[in-house]
Amino acid sequence: GMVDMPDAPPPEQSSVLQAVSVHPDYRGMGIMNKMVYHWIDHAQESGRPHLLAEIEIHNEASWGSIVTGGLKLVGMGRDPSDGTF
């Protein structure tokens, strides 16, 4: 996806979270927060210190889950297939 990200880490040291959605009936229950926490734990246990999350720029709930999980925005890339960030 995001091929123009600055300083992209090697794939063998990375874990990517993308294409995640929560059914509307279950939103607001903290499911995404739990997924993010488990993703972070699994990546650390697997020796992958670099975490990359692809989030639609206007999806405030997903941004909130990522920040709540303790991750920080260090870069932003553009998807060359459709021009979105």
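View 1. The buried residues of H2 are Ser62, Ser65 and Ile66. Looking down the axis of H2, these buried residues fall within an arc of 95°, so they line one face of the helix (the arc is taken over the directions from the helix axis to the C-beta atoms). Their cover includes S1, H1 and S2. Just after H2 comes Gly70, with a positive phi of about 100°. Helices (H or I, at least four residues) and strands (E, at least two) are DSSP runs, numbered from the N terminus.

A note on the model: this is a predicted structure, in which local features need pLDDT of at least 70 and side-chain atom pairs count only at pLDDT 80 or more, while totals for chains, interfaces and linings use all residues. Residues are numbered from 1 along each chain as its sequence is written, and side-chain values use heavy atoms, with hydrogens and water left out.

**View 2. Helix H1, residues 31-45, from end to end and face to face.** Met32, Val36, Trp39, Ile40 and Ala43 are the buried residues of H1. Viewed down the axis of H1, they fall within an arc of 95°, so they line one face of the helix. Turned away from that buried side are the exposed residues Lys34, His38, His42 and Glu45. Covering the buried residues of H1 are, among others, S1, strand S2 (50-53) and helix H2 (60-68). Following H1 is Gly47, whose phi is positive, near 75°.

**View 3. Ser15 and its surroundings.** Find Ser15 in strand S1, residues 14-17. Ser15 has a relative accessible area of 13%, so it counts as buried. Its side chain makes a polar contact of 2.8 Å with the side chain of Trp39 (a polar contact is a pair of N or O atoms within 3.5 Å; within protein, one must be able to donate a hydrogen and the other to accept it, and residues adjacent in sequence count only if both atoms are side-chain atoms). Beyond its neighbours within four places in sequence, Ser15 is in contact (heavy atoms within 4.5 Å) with residues including Ala43, Arg48 and His50.

**View 4. Gly30, in the loop between S1 and H1.** Gly30 counts as partly exposed, at 29% relative accessibility. The C-alpha atoms of Gly30 and Ser65 are separated by 8.5 Å, with the two residues 35 apart along the chain.

Key: Buried means under 20% relative accessible area, exposed over 50%, partly exposed in between (1.4 Å probe, protein chains only).
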